[in-house]
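Hi everyone, thanks for having me.

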Amino acid sequence: MLNNDLHHSISAGEQDRRDVQKPGNRLLGRVVACNGAHATISAVAEHGETDLTELWSVGRLISITVGRNRVVALSYSMQSGGQQWGEGEDNKFNIEVELLGEVRVGEDGREEFSSGISRYPYLGAIAHRIRAADLLKIYDAGKSDTCVIGKLSQDESIDAAIHIPSMLSKHFAIVGSTGVGKSTAVSLLLHKAIEADPKLRVLILDPHNEFAAAFPEHAVVIDTDTLDLPFWLMRLEEFSEVVFRGRPAIVDELDILRDLIPEAKRAFRGNDGGLMRRATEKSSITADTPVPYRMADLLALIDERIGRLEGRGEKPFLRSLKMRVMSAINDPRYHFMFSNNTINDTIMETIAHIFRIPGDDRPISTFQLAGIPSEVVNSVASILCRMAFELALWSNGGIHMLVVCEEAHRYVPADRERGFVPTVQAISRIAKEGRKYGVSLGVITQRPGELDQTILSQCSTLFAMRLSNDRDQEIIKSAIPNSSVSTTSFLSSIGNGEAIAFGEALSVPMRMKFARVEPKYLPKANGVTDKGAEETPDTVDLRSIVARMRSVSGPDISSFQQSYSSDMAAMTEQSQSLRAEETERFAPATDAELGRWRDEVRRDAVPPAPAFTPRQPTVSQSAPPQPEPYRPDMLPRARTYETTASAAPDRFADLRRDRLQEQPAQPRQPESPMRSPLLRREGSSLRESLLKKPLGSLYDKD
């Protein structure tokens, strides 16, 4: 509803004018004290009656006649002169009021309200009940595109109207304790906003999944089942929040990601489309560039670095990082990030779906965060807020964005140590610079004391509902203009659905009641919606609940597994080819080469000593001759490879000396005459060591 729907009760104002002389009606009291912001009024309740005191109740507006003008004041305190009430007697009492402005009468007789005061009340000035016509002038924004959102608490015959463009040109906030009607007020304001601005696109960060029911005809619901939010849209800090599960990132592993993610993005460019290729050709790719890449490529790069000979110190970090990435991929709760659809360049489809471009008569997107793991909620909120700002920035005014943050103290807490830095930066950027590019911020919170005060100070329109916490009340008092500080004294006692509104969307602060919302537009959380009377604790299927808790179905990552397996097979084939090349360079000796080598050994070497036979413990026999000591010249000496020839005899002499010191062994089976005694004595280890060396180091090829 626009301004022409207001109840212009001019007749009521004229009736007030005619009732001036009626006792106990409009003539209330006289000013006995006044300063620049407050005044004290003295009045008398005749014969102990309370009709007059009811008109002076706390929170009501009164007017003070000063010449042709009428000063408007708000009563915030009252007390009797003798601290007691006399029945049937005249009782004097004093009222403390706060001066808000005045209704001026022009030269042409036209009356208008101004927040400034040209003439202050004098002592003895008459204070009386305010006219209904003056209330209309006070709360009329003077613009044709105002919207009615409720009624004045003081006079329900007068509508409470705000100027929606002024509210959306900057930012607004709704604060209040739980259960006072914040979500209902949000539903009402957003319905008015989309009616007033066809270009407006609204993104609601819904942590309780309650706003889907409030916009059945104007919103789409995005949850973990219908969402495909590609992981490659994340910046490095946001991706590390996912990989490290909300814990502080390890610096070495973060540096590895910073190095490998750009390589994975460049590896994907061979399969990308022309749009992404043109976008990346003009700028270098970094870990923060929103360019697609595959997790298989990232894991393959990690495996490649693990297989390198250098950099042994980083191998533990590489293995740990690989396990973290694999754990995130296989977690069923992260299906919306690592599904099959996220490995393609779907940035246009993702933006069009989330931010409603085009809207298809559904300009509101309710992003349900209840099903998203708590450790990655901050990353998702950071992506959405950052993309909303960039979308409004690069659309050149073609898109008006409104980001509504329910439970905003979760994302931008007053304690910076508890908040996620990228999320705080994204929301702060909207709060500080968003109005220049057409993106607005709506903050809803029940604990303004825990909200970053920089964010709250940027909200030009504030709806303060009932707050019971003293700290929260102090925060709101600091945000209200100095001329309306006493208004916040009612914050702890106002009713449900009632609020004190002030800011640029309305001319003066007003205490008002939000209009009732139709039942079909009421927000409903999942826990309170009626899903059928037949479902009771006795009939509910507990197995389905447990299956949802465990995400038994799990994500479909078959394509990723196939891609990763193919990459690993390619790497294995490459490593086998490298080993084949090494084998060709140092191939094992052929039979002909072995035969030639044995002939040369027999020709050049001294005949080997007979096998060692243990001494028998008989006295009659004479001791057998001792075996000839092993000499270095028994081995063939290479004349062309001096280093090996000089080093080999010493090594073989040590082996022979160890052999002679062994205990007596059992007689061995006769060996084939084709096997060299030297190879027999040294065993397979000596043969393998000789075959691994080039044969040219052992004999002269000439």
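Predicted model: local features only at pLDDT ≥ 70, side-chain atom pairs only at ≥ 80, totals over all residues.

Okay, let's begin with helix H6, residues 236-243. Is this helix enclosed or open? Well, 7 of the 8 residues of H6 are buried, so H6 is largely enclosed by the rest of the structure. The buried ones are Leu236, Glu238, Phe239, Ser240, Glu241, Val242 and Val243. And what do they pack against? Quite a list: helix H7 (251-268), helix H9 (295-306), helix H10 (315-330), helix H11 (335-338), H13 and helix H14 (421-437).

Let's pick H13 out of that list, residues 374-394. The axes of H6 and H13 come within 8 Å and cross at roughly 160°. Angles over 145 degrees count as roughly antiparallel, and therefore H6 and H13 are roughly antiparallel to each other. The crossing of H6 past H13 is left-handed. Who does the touching? On the H6 side, Glu238, Glu241 and Val242; on the H13 side, Glu375, Val376, Asn378, Ser379, Ser382, Ile383 and Arg386. If you sort that contact by class, you get 3 nonpolar, 3 polar and 4 charged residues. One more thing before we leave: just after H6 sits arginine 245, and its phi is positive, about 55°.

Now for the sheet. Here 11 strands form an open sheet with mixed pairing. Reading across, the order goes S9-S8-S18-S17-S16-S10-S15-S14-S11-S13-S12. Which strands stand at the edges? Those are S9 (159-163) and S12, and each has a single partner strand, so one side of each is left without a neighbour in the sheet. From one strand to the next, the twist averages 25°.

Zoom in on S14 and S15.

Our friend H13 lies across S11, S13, S14 and S15, and it runs at about 160° to S14. H14 lies across S10 (171-175), S14 and S15, at about 140° to S15.

In the loop between S14 (400-406) and H14 you'll find glutamate 407. It isn't a glycine, yet glutamate 407 has a positive phi of about 55°. Is glutamate 407 buried or exposed? Its relative accessible area is 7%, so it counts as buried.

Asparagine 209 is another one, in the loop between S11 (200-206) and S12 (219-222). Its phi is near 55°, again a positive value in a residue other than glycine. With a relative accessibility of 8%, asparagine 209 counts as buried.

And finally, go to the loop between helix H12 (347-355) and strand S13 (364-368), where proline 358 has its place. The peptide bond from isoleucine 357 to proline 358 is cis, with omega near -10°.

Terms used. Residues numbered from 1 in each chain as written. Heavy atoms only, no water. Axes fitted to C-alpha atoms, helices over the stretch in contact; angles between N-to-C directions. Helix = DSSP H or I, 4+ residues; strand = E, 2+ residues; numbered from the N terminus. Parallel < 35°, antiparallel > 145°, perpendicular 65-115°, else oblique. Left-handed = near helix turned anticlockwise from the far one by under 90°. Contact = heavy atoms within 4.5 Å. Nonpolar A, V, L, I, M, F, W, Y, C, P; charged D, E, K, R; others polar. Buried < 20%, exposed > 50% of the residue type's maximum accessible area, 1.4 Å probe, protein only. Pairing = 2+ DSSP bridges.
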